[in-house]
Amino acid sequence: MMKKMSLAALMAIVLASPGHAETLKWGAARDIYSLDPYSYGDSYTIAFLNHVYEGLVRYDANLQIEPALAVSWETPSEDVWRFHLRRDVKFHDGADFTADDVLASLTRVSDEASPLRGNLPAYKSATKVDDYTVDIQLVGPYPLLLNDLTNIHMFDATWLSDNDSLKPTDVGAQIEGYATYHTNGTGPFIVESRVPDSKTVLTKNPEWWDEAVSNITRIEFTPITSAATRVAALLSGEVNFTENAPTQDLPRLAGAPGLKTMERTDLRTVMIGFNRKAQLANGVDNKFNDLRVRQAFAHGLDMELIQQRVMRGKSRIAGAIIAPEIPGYVEALDETFAYDPEKSKALLAEAGASDLPFTLVCTTDAYVNEEELCQGIVNMLSRAGFKPSLDIAPAAAQAPKRTGGKADVYLIGWANEPMLDSYSILLQMIETKTDNAGVFNWGGWSYPEIDKLIVEASTEMDRDKRLTLQTKALELAKDEIVMLPLHQQPMAWVMTDKIDRIVQLADNKPRHWLTTFAE
């Protein structure tokens, strides 16, 4: 099933001569959460770890699924997928990759304590057929297994056992382990060193099984949370790449000698989530359980002003919780609420919730212009009859509040990765929280009518019928304002002009095994 290599890829290999070494100095807006890809469902962390770990399949440069550690697959029955593994693949410590590693990895990621168990919603068990063949048993017919597997990274079973790491870690629950700070993958780069919140260094894996397209031999990943400092580092040459350039500084960076920019909007929809428990964190009755209060919240936000002032005109205002590129999207669900603070006050009065006090939980380092965005939301809602306060801190500090259901209202972004299908957000965020669903249902809502549609879609093998079910579920979620979408955020990469090839896709994931510097 291996695809023919494109002319561009062949040319890149020619350009990337073995003797030409380059260091990518990656200035990031935040650090990754962990070196354990199963520790938190954070697409940014997982995207970085794609340089170190690999799945059975992966997305190519056109976001199409292609073989990775599996070379082919078939379905012997409607609920069994058989994968044929790539031979002669080595882990970074030299161990062979075999079926035992796949079984250990799938067992670990599907553990009831795994934060990523929701990424394999139909998984039941796995069986070793032989050293290079694995059968994955599903709970029933399921159309999106390959999409799910793109970011289920493979661990070395012996390494996990030797280091007491067969059980997953959990950032949200503050459970760490050996895999939090150490790695042993099969991917194109090896972790040389890591100091959290300071620097993570990767070096090129000379034994990688795939074609060595990139001429990068070293990646220095440095989190620089201050936007001004990150810009200064780009201008001085201290860093030569960032995937998170401040929107307000793009004109200056585009005109700077030795730099170039790449811009677009990404798949990530930034939205508001509401706690739906009986009481808010301050002990008052939770009025957000009343739809009128959620409607008041929606009418209190001036989306045009946010788009123009906060996002500098570079975001895409969203009425739907998924981007137009995501299957299941329909234009009719992309209508936004009219800005009307007087209507907000009237709705609050009608619901007996005038001057409702609550706390908005935001992070300083997860989304584009988040601090300014959250401050703007607080100011707007204050004029609309609410009494909001802002709780803002780095993502690592806020994660336990959100995952533990202790945030009254919070900001969250969802790109539907790795699935790239609306079933992702429906399953993981909208559906009632159970063993395999609602992993990101932090507010504790439950809508049986929506659940029924999501469950029905999960086994519908006809794509058109499945998407019809998912669109209906999205419609009901919109009517109930389960989540309130704000925008698809802008994506701005800035880099040295010495980079002559880089792949920027709508998922906003750098793939530096495909990046080349000019000689």
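**Helix packing and aromatic contacts**

Helix H14 (residues 423-430) packs against helix H15 (residues 448-458) at an angle of about 135 degrees, with the two axes 10 Å apart; helices here are DSSP runs of H or I with at least four residues, strands are runs of E with at least two, and both are numbered from the N terminus. The axes are lines fitted to C-alpha atoms over the stretch in contact, and the angles run from 0 to 180 degrees between N-to-C directions. H14 is therefore oblique to H15 (under 35 degrees counts as roughly parallel, over 145 as roughly antiparallel, 65 to 115 as roughly perpendicular and the rest as oblique). The contact (heavy atoms within 4.5 Å) is made by Tyr 423, Leu 426, Leu 427 and Ile 430 of H14 and by Ile 450, Asp 451, Ile 454 and Ser 458 of H15.

The model is predicted, with local features requiring pLDDT of at least 70 and side-chain atom pairs counted only at pLDDT 80 or more, whereas totals for chains, interfaces and linings use all residues. Residues are numbered from 1 along each chain as its sequence is written, and side-chain values use heavy atoms, with hydrogens and water left out.

H14 also packs with helix H16 (residues 463-479), at an angle of about 45 degrees and with the axes 10 Å apart, which makes H14 oblique to H16. On the H14 side this contact involves Tyr 423, Leu 426 and Ile 430, and on the H16 side Gln 470, Ala 473, Leu 474 and Ala 477.

A search of the whole structure finds 26 aromatic pairs, where rings of Phe, Tyr and Trp (its six-membered ring) pair if their centres lie within 6.5 Å, and planes under 30 degrees apart count as stacked, over 60 as edge-to-face and the rest as tilted. One of them is the tilted pair of Phe 48 and Phe 221, at 4.5 Å centre to centre and with 45 degrees between the planes. Because Phe 48 lies in helix H2 (residues 43-49) and Phe 221 in strand E10 (residues 216-223), the pair ties together parts that are 173 residues apart in sequence. Phe 48 is buried, with a relative accessible area of 1%, and Phe 221 is likewise buried at 0% (buried means under 20% relative accessible area, exposed over 50%, and partly exposed in between, with a 1.4 Å probe and protein chains only). Both residues belong to an aromatic cluster formed by Trp 26, Phe 48, Phe 221, Phe 241 and Trp 493.
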